[in-house]
Amino acid sequence: MKKSKRFLSLILSLILISSVMVMHSIPSEAAVKYGYVDYSYLNLRSAPTTSAKKITKLSRNDTVEILSSNKGWYRVNAFHNGKIYKGYVSSGYIHSGYAPGAQNGYVNNPALNLRKGADVSYSKITVLSKNDPVKVLQTIGKWSLVSVVHKGTTYTGYVAKRYLVIGKSAGKTVSPSSTASSASSSSSKVIYLTFDDGPGPYTKKLLDVLDKYNVKATFFVTNQFPKYQNMIGEEARRGHTVAVHTYTHDFASIYKSQTAFWNDIDKMNSLIKKQTGKKSDILRFPGGSSNAVSKKYCKGIMTKLTANASGHGFVYADWNVDSRDAGGTTTSSGVASNVKKGCAKHKTSVVLMHDIKSYSVNAVEDIIKWGLKNGFSFKAMTKSSSMAHHGHLNN
């Protein structure tokens, strides 16, 4: 009888201990992801509270491995000055994706082990092949933390850095800003993803999706949603092209005269400079150069504005692929289908989308996957890019 009571007491104790462990368990680490610090000096702490001991100060663009999240804090492995630190950071200062300036390269070893940690004692994730493209996120002594594409699958892990060639792809030099996950830069099929009318509430999500695939895009920005002005600077920091659309996006106001139009554009470009440090020299007319609605406010204004754009220091861009996200298509699958069908018809596609539409932002990952699979490269527009002019003016 006494033995039975002791056994029952032991069982109850184990149940109690298990309950306590569950209550205080650390959030799941199943979905490990990477990000970077977007603050000049960010305290890494020993616990998820501002009163906890400071471990070190992280610097802007330091890479972090996000292990778990809980009530505004991330538990991370942080890479700072060639060392790895474990601790907690405020999640508001961490951006998902890879830090600006992460270097591209390739594997220069026929069978290179990708490991879970920066030492040969860590288990092997996979064996990389020679010429596999890599993006170096951080270097720790003799090891590099990399994102690598191997046999069509993207892995993140550690490799001995002596087996990497940095600043080049297999056979050619590349710039750090080139798209590692895109199709080869020698591809003759190019997609320029362009987004009008933002930034808005979905822009941050879009930037994170683009970061995931290291795809660069072009944002024709407005000040329709002043609450999200700071995202203009974020677009530039993440390596995208920021271009002018309009400050107000009020057709009646901007198209009533040439003076009104250029005043609006100058005001927007001043805001761009404030956010990014420089003005833009690429412009997209609201409604495109071929819009007819401007006739209601000033007859012939588009003919004059397009002719005078270069005198104001701009090249103007239209598009040759319309996602129709502002013209009746209101589902992500529909937007993706429209873009795929349009891009399939062109070697160089300038795609019109809107980052203020949630269903458009939700379609982007599908579009990128399709483009990469079908041999397209994704690029941000520059002044020398194809501008896809409509070729006809309706006013």
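A crossing of two helices is right-handed if the near helix is turned clockwise from the far one by less than a right angle. In this predicted model, helix α7 passes helix α9 in such a right-handed crossing. Helix α7 spans residues 332–343 and helix α9 spans residues 364–373. Their axes lie 9 Å apart and meet at an angle of about 25 degrees. Angles under 35 degrees count as roughly parallel, so α7 is roughly parallel to α9. The α7 side of this packing consists of Ala336, Val339, Lys340 and Cys343. These residues meet Asp366, Ile367 and Trp370 of α9.

The chain has 395 residues, and 47% of them count as buried. Among contacts in the chain with a separation of 6 or more, 67% join residues 24 or more positions apart.

Asp325 lies in the loop between strand β22 (321–322) and helix α7. Its relative accessibility is 2%. Buried means under 20%, so Asp325 counts as buried. Residues up to four places away in sequence are set aside in the list of its contacts. With that exclusion, Asp325 touches Val335, Leu352, Met353, His354, Lys357, Tyr359 and Ser360. One of these, Val335, falls within the range of α7, residues 332–343. Asp325 and Asp355 are 30 residues apart along the chain. Their C-alpha atoms are separated by 9.8 Å.

Thr139 is found in strand β11, which covers residues 133–140. At 33% relative accessibility, Thr139 counts as partly exposed. Asp325, by contrast, is buried. Beyond its neighbours within four places in sequence, Thr139 is in contact with Gly82, Ser144 and Lys161. Thr139 and His80 are 59 residues apart in sequence. From C-alpha to C-alpha, these two residues are 9.4 Å apart in space.

Aromatic side chains form a further set of interactions. A pair of aromatic rings is described by the distance of the centres and the angle of the planes. Ring centres within 6.5 Å make a pair. By this rule the model holds nine aromatic pairs. One of them joins Phe251 and Tyr255. The centres of these two rings are 5.6 Å apart, and their planes stand at 85 degrees. Planes over 60 degrees apart count as edge-to-face, and the pair of Phe251 and Tyr255 is of this kind. Phe251 is buried, at 18% relative accessibility. Tyr255 is buried too, with a relative accessible area of 0%.

Phe261 and Trp262 form another edge-to-face pair. Here the centre-to-centre distance is 5.0 Å, with 85 degrees between the planes. Phe261 is buried at 0% relative accessibility. Trp262, at 5%, also counts as buried. Both pairs take part in a cluster linked by ring pairs. Its members are Phe251, Tyr255, Phe261, Trp262, Phe285, Phe314 and Tyr316.

An aromatic ring also takes part in an arrangement with a charged group. The charged end of Lys189 sits over the ring of Phe376. The distance from this charged end to the ring centre is 4.5 Å.

Key. Residues are numbered from 1 along each chain as its sequence is written. This is a predicted model: local features need pLDDT of at least 70, side-chain atom pairs count only at pLDDT 80 or more; totals for chains, interfaces and linings use all residues. Side-chain values use heavy atoms; hydrogens and water are left out. Rings of Phe, Tyr and Trp (its six-membered ring) pair if their centres lie within 6.5 Å; planes under 30 degrees apart count as stacked, over 60 as edge-to-face and the rest as tilted. Buried means under 20% relative accessible area, exposed over 50%, partly exposed in between (1.4 Å probe, protein chains only). A charge sits over a ring if NZ of Lys or CZ of Arg is within 6 Å of the ring centre and within 35 degrees of the ring normal. Axes are lines fitted to C-alpha atoms, for helices over the stretch in contact, and angles run from 0 to 180 degrees between N-to-C directions. Helices (H or I, at least four residues) and strands (E, at least two) are DSSP runs, numbered from the N terminus. Angles under 35 degrees count as roughly parallel, over 145 as roughly antiparallel, 65 to 115 as roughly perpendicular and the rest as oblique. Contact means heavy atoms within 4.5 Å.
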